[in-house]
Amino acid sequence: GKGVFVSDPNVHARLVLTPVEVKSIPETLELLEFRMAVEGEAAAIAAYRRTAEQEAAIRLANRKMAQLIESGEPTVEADYEFHTAIANASNNRFYIDALRHFGPRAIPRGQFPTLPEANDRTYLEKVHAEHGEILAAIAEQDPDRARQAMRAHMMASQRRYRMLAEQQ
């Protein structure tokens, strides 16, 4: 007697993560906290210690990620290469060792393959733009700006994974 109603399927849609993904959210948040401290300082140090070759390696990793986004291919390895190139440019083996310890799993979206954002071009372009800010600060030898750009990049990731935790 009341007719037919059509609802938007996205209104009530809830992101469903696998049990392994749900279990890894707290660890991911802890890793991002650690990376924020370590990589923020590594970026600041890289801004004044990097060589021209090291800056070129950071730039190359950033360009590689852009090409992968453009072609719709996975970007986790290129993302990790970007962060590793910054650690290398710090010329401090402890920063390099810390990042190597985690390997590509340091990039959270690689641990959450069911997330739509893991392969979403708009999201990946945002990440790439954040990388561009970090690169620009390092290239301009601005340690404070490099530190802040890296922190902003890590905080953006933290916000996303905190929201995921709240949805589960």
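A nonpolar core is a set of buried Ala, Val, Leu, Ile, Met, Phe, Trp, Tyr and Cys residues joined through side-chain atoms within 4.5 Å, where buried means under 20% relative accessible area with a 1.4 Å probe, protein chains only. The model here is predicted, so local features need pLDDT of at least 70 and side-chain atom pairs count only at pLDDT 80 or more, while totals for chains, interfaces and linings use all residues. Residues are numbered from 1 along each chain as its sequence is written, and side-chain values use heavy atoms, with hydrogens and water left out.

The largest nonpolar core has 27 residues, and those touching the most other members are Ile58, Phe82, Ile86, Leu115, Ile134, Ile138 and Tyr161. Two or more residues each come from α1 (19-49), α2 (52-71), α3, α5 (121-139) and α6 (143-167); helices are DSSP runs of H or I, at least four residues, numbered from the N terminus. The largest share, seven residues, belongs to α1. Then there's a second, separate core of 13 residues, with Ile45, Tyr80, Ala87 and Ala98 among them.

Helix α3 covers residues 76-89, and 10 of its 14 residues are buried. Among them are Ala78, Phe82, His83 and Ile86. After α3 comes asparagine 91, with a positive phi near 55°.

Leaving out residues up to four places away in sequence, aspartate 79 touches Met65, Ile107, Arg109, Val127 and His131, contact being heavy atoms within 4.5 Å.

Notes: Buried means under 20% relative accessible area, exposed over 50%, partly exposed in between (1.4 Å probe, protein chains only).
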